[in-house]
Amino acid sequence: MSDYPAIPFPDELVHLEQVSARLSKALQRAEASVSRADREYTDTKKYMADHRGEIDPHEMFQNELLLKQTDRTGAFAVEMRDRIVKLKDSPYFARIDFKEEEEEEGQPYYIGRFAFQYENEPLIFDWRAPISSMFYDCEVGEAGFLAPAGWTAGELTRKRQFKIRNGIMEYALESSANVQDDVLQRELSHTSDEKMKSIISTIQKEQNQIIRNEKEGTLIIQGVAGSGKTSIALHRIAFLLYRFKDRLSARNVTILSPNKVFGDYISGVIPELGEEPIYEMSFEELADIQLEGVIGFEPDRDPFEIQDRAWGERVRFKSTLDFVYLMDQYIEQMPEFIFVPTDYVYEGFRVTGEWIRERFLAYGTCPVKKRLAMVADDIHDRFETDNIMEQEVPRPRVILKQLNSMLAMKDTLAVYKDFYKRMGIAEQFVMAARRTLEWADVYPFLYLHAAFQGLKESHITRHISANLLTLTIYTVWRICGQSMTRLSLWN
């Protein structure tokens, strides 16, 4: 590459040649493992097919277990082979020499996308490994890293950065903050804009601190357009999957994206970093899951194609903080008028409406409908405790049916309509069709639905709290609203 000087370090060319040779041998072994697993699977399937009527159930069961095991072994072998193929193209991008305290000489550590060992000798360290953090965080001199056993202090005696493509070293530089900035600009200028790429060789110190943060449960990354927010978030996902591999897998992660175009744009980053593809979901798909069986909604509309001033005003209003404040005010007041309890009587048992109301208000952090279920359990438990004569006690679901009849409004749509009337903005709510919301109402509706009914649990929401999911709904609503406001043609 003419943009870069000739390789000034002959030792690095020798080292690359040695690593490439070992990768070639490892690739031969990996391909042999894939072929062997494929043969074993095919032979077992053929044997089972040829002797289906002759094999007793126990042997058939053992063969089925063997097939599953061979399939898993083959999948693992394919994964290892594919990683080695990628490493052969670009084995590593950095080298640091680190000397621990009281050691006489520093040891070289080469850093790449994936770790690579050859005959139990570590040749390449994963960029997410604790020791690799020094490449991003430290300059030559006093340095250290946080290992599982604790803080390891010492000195960074060398720091180099490489560009290796198709197994050929295009440049090798003694790295510093200025050199890293230069490399970053060069790499960005050569990056295609069709797909987002990994940035592991150009991560800056502040970005690395976000990626490796293990203390915060929830992080919000802020920055101007093009500052790398999405890329850093994806690299953080890859780091967490690596760091907590015993507790976290790709199946536990979902990316919410504004649309399919954006989802496609970022789709290759996680696999490029050595992890399984993770589930992606658009805002509309999230709404589909939560509102299925509740209410329909129209798809998002292009403001440039709509010649409807009133529609534009509704869209703009529902993306403002004033609208959010009105809804929060309504939700705060909702317990006062949504539930009007009366005495509950069942044969010889009685609880007063005031007692029921006190229990309802005590569960103030829960959605209204879930509060009623909890109050029904409380009434049942009270009856059980007072049941000296061992009379029949009503079941919680029977009690709940009666409590639901005390609600002033029965579903979220009625509550949503009441919100507009009670806040004096009835003209701002227009249905797109019968039981069909306008797109601008989808996330405000879901926000209120979370407070009244509660949100559904699904394969992507079962691992997160209701409060966090509600926050997600709110955030998506604000993102959608702000996008519509920016695009609105109406003054």
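Arg435 counts as partly exposed because its relative accessibility is 35%, where partly exposed is the range between buried (under 20% relative accessible area) and exposed (over 50%), computed with a 1.4 Å probe and protein chains only. The residue is found in the loop between H15 and S13, where helices (H or I, at least four residues) and strands (E, at least two) are DSSP runs numbered from the N terminus. Although Arg435 is not a glycine, it has a positive phi of about 50°.

The model is a predicted one, in which local features need pLDDT of at least 70 and side-chain atom pairs count only at pLDDT 80 or more, while totals for chains, interfaces and linings use all residues. Residues are numbered from 1 along each chain as its sequence is written, and side-chain values use heavy atoms, with hydrogens and water left out.

**Charge patches on the surface**

Arg435 belongs to a surface patch of positive charge that it forms with Lys417, Lys421 and Arg434. Patches are made of residues with over 30% relative accessible area and no salt bridge, like charges being joined within 9 Å and nonpolar side chains (Val, Leu, Ile, Met, Phe, Trp, Tyr) within 5 Å. Lys and Arg count as positive and Asp and Glu as negative, whereas His and the chain ends are not counted; the place of a charge is taken as NZ of Lys, CZ of Arg, CG of Asp or CD of Glu.

Glu305 is found in the loop between strand S10 (296-297) and helix H10 (309-317), and with a relative accessibility of 63% it counts as exposed.

**Loop residues around S13**

Met431 is likewise found in the loop between H15 and S13, and its relative accessible area of 26% makes it partly exposed. Leaving aside residues up to four places away in sequence, Met431 touches Ile295, Leu413, Thr436 and Leu437, a contact meaning heavy atoms within 4.5 Å. The C-alpha atoms of Met431 and Asp441 are separated by 9.0 Å, and these two residues are 10 residues apart along the chain.

Glu438 lies in the loop between strand S13 (436-437) and helix H16 (439-452). At 5% relative accessibility Glu438 counts as buried, and, residues up to four places away in sequence not being counted, it touches Glu298, Trp311, Arg314, Val430 and Ala432.

Glu102 lies in the loop between S1 and strand S2 (107-112), and at 85% relative accessibility it counts as exposed.

**Salt bridges**

Side chains of opposite charge can pair when their charged atoms come close. The structure holds 25 salt bridges, each defined as a side-chain nitrogen of Lys or Arg within 4 Å of a carboxyl oxygen of Asp or Glu. Among them are the following.

| Pair | N to O distance |
|---|---|
| Asp11 and Arg95 | 3.7 Å |
| Glu12 and Arg95 | 2.9 Å |
| Asp126 and Arg128 | 2.9 Å |

The side chains of Asp11 and Arg95 meet in a salt bridge. Asp11 lies in helix H1 (residues 10-50) and Arg95 in strand S1 (residues 94-100), so the pair ties together parts that are 84 residues apart in sequence. Asp11 is partly exposed, with a relative accessible area of 40%, whereas Arg95 counts as buried at 8% relative accessibility. Arg95 also forms a salt bridge with Glu12, and this pair links strand S1 with helix H1 across 83 residues; both Arg95 and Glu12 are buried. Asp11, Glu12 and Arg95 are linked with Asp97, Arg158, Arg160 and Glu174 in a network of salt bridges.

In the pair of Asp126 and Arg128, Asp126 is buried with a relative accessible area of 4%, and Arg128 is buried with 2%.

**The chain overall**

The chain has 17 helices and 13 strands, and 43% of its 491 residues count as buried. Of the contacts in the chain with a separation of 6 or more, 65% come from residues 24 or more positions apart. The chain exposes about 27200 Å², of which carbon and sulfur atoms supply 50%; accessible areas come from the Shrake-Rupley method with a 1.4 Å probe, and for residues only the protein chains shown count as cover.
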